[in-house]
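Reader: I have a fold open on my screen and would like to talk it through with you. Could we go through it piece by piece?

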Amino acid sequence: MVNSNKVIIVLSGKRKSGKDYIADKIFNKIGNNACVQIKLANPIKMHFSKKFGLNFEELITSSFYKEQVRKEMILWGNEQRLTDPFVFCKMITNDAVSSGKNVWILTDARLRTDVEYFKEYAIKNNFHFICLRVVADVQTRQLRGWTFVEGVDDISSECGLDDYSDWDFVFLNSSGDNIEHDIESFCFKVKALLLKQ
């Protein structure tokens, strides 16, 4: 039993499943005085943009600019992980620690090593660990702008957690799902953890 008011929340899901939307909702409901959002994509985009002279501010948006180089960024990120599978996890952990916040929301876990790193970190540092999966059907994702891209949607960075089953919560986020109720219920449980000493 973890006796702590610190929490790591890890979100995973397919492109256009609504990960960022749900992460933002959780962040806003729990409050920025307690929460920090961390994104594995940010250090990848930062280093990739510096190496190849690209616009980092555009890469962190959902713009067409980012989509033009998505494949190359994924390949480059995977190359860096060959040396250290946790390289980007370590970078954003430093950011989270520096924030001084008790709730860390990782918005974009894509690989088993991402989940394993933060689960192990939580155990070693007496954090609660909560692993979330966001699921939306193909039709809903298409309505949100998703189209299948070979070399993006069929590789490990998109499919690496498809067969993972050890989720603490699964958010069903297709058209017609009552996602707001589920978010409210989840945040109530997190707030209860924050009150524990």
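Author: Gladly! Please keep in mind that this is a predicted model.

Reader: Let's begin with helix 6. What span should its 13 residues have at 1.5 Å a residue, and how far apart are its end C-alpha atoms?

Author: Helix 6 runs over residues 112-124, and at 1.5 Å a residue its 13 residues should span 18 Å. The distance between the end C-alpha atoms agrees with that expectation, being 18 Å.

Reader: Which residues of helix 6 are buried, and over what arc around the axis do they lie?

Author: The buried residues are D114, V115, Y117, F118, Y121 and A122. They are on the same side of helix 6, because the arc they cover around the axis is only 165 degrees.

Reader: Which exposed residues sit on the face of helix 6 turned away from its buried side, and which elements do its buried residues pack against?

Author: The face turned away from the buried side carries the exposed residues I123 and K124. The buried residues of helix 6, for their part, pack against strand 1 (7-13), strand 2 (35-38), helix 5 (87-99), strand 3 (103-109) and strand 4 (128-135).

Reader: Now helix 1, please. Which of its residues are buried, and what arc do they cover?

Author: In helix 1 the buried residues are K19, I22, A23, I26, F27 and I30. They lie on the same side of helix 1, because they cover an arc of only 135 degrees.

Reader: What do the buried residues of helix 1 pack against?

Author: Among their packing partners are strand 1, strand 2 and strand 3. The others are strand 4, strand 5 and helix 9 (179-194).

Reader: I like to check backbone angles. Where does K16 lie, and what is its phi?

Author: K16 belongs to the loop between strand 1 and helix 1, and it counts as partly exposed because its relative accessibility is 38%. Most residues other than glycine have a negative phi. K16 is not a glycine, yet its phi is positive, near 65 degrees.

Reader: And N126: is it buried or partly exposed, and what is its phi?

Author: N126 lies in the loop between helix 6 and strand 4. With 37% relative accessibility, N126 counts as partly exposed. Although N126 is not a glycine, its phi is positive, about 60 degrees.

Reader: On to charges. How many salt bridges does the structure hold, and how many residues apart are K25 and E180?

Author: The structure holds ten salt bridges. In one of them the side chains of K25 and E180 meet at 3.6 Å, N to O. That pair links distant parts of the chain, with K25 in helix 1 and E180 in helix 9, and the separation is 155 residues.

Reader: What is the distance between the closest N and O atoms of E158 and R110, and which parts does the pair tie together?

Author: E158 and R110 form a salt bridge whose closest N and O atoms are 3.1 Å apart. E158 lies in helix 8 (residues 156-159) and R110 in the loop between strand 3 and helix 6, so the pair ties together parts 48 residues apart in sequence.

Reader: Where do the partners of the K119 and D166 salt bridge lie?

Author: The side chains of K119 and D166 meet at 3.3 Å, N to O. This pair ties together parts 47 residues apart in sequence, because K119 lies in helix 6 and D166 in the loop between helix 8 and strand 5.

Reader: Last one: is R133 buried or exposed, and which residues does it touch?

Author: R133 lies in strand 4. Its relative accessible area is 11%, so R133 is buried. Leaving out residues up to four places away in sequence, R133 touches S12, G13, L161, D162, W167, F169, V170 and F171.

Methods
Residues numbered from 1 in each chain as written. Predicted model: local features only at pLDDT ≥ 70, side-chain atom pairs only at ≥ 80, totals over all residues. Heavy atoms only, no water. Helix = DSSP H or I, 4+ residues; strand = E, 2+ residues; numbered from the N terminus. Expected span 1.5 Å × (residues − 1). Buried < 20%, exposed > 50% of the residue type's maximum accessible area, 1.4 Å probe, protein only. Arc of directions from axis to C-beta. Contact = heavy atoms within 4.5 Å. Salt bridge = Lys/Arg side-chain N within 4 Å of Asp/Glu carboxyl O.
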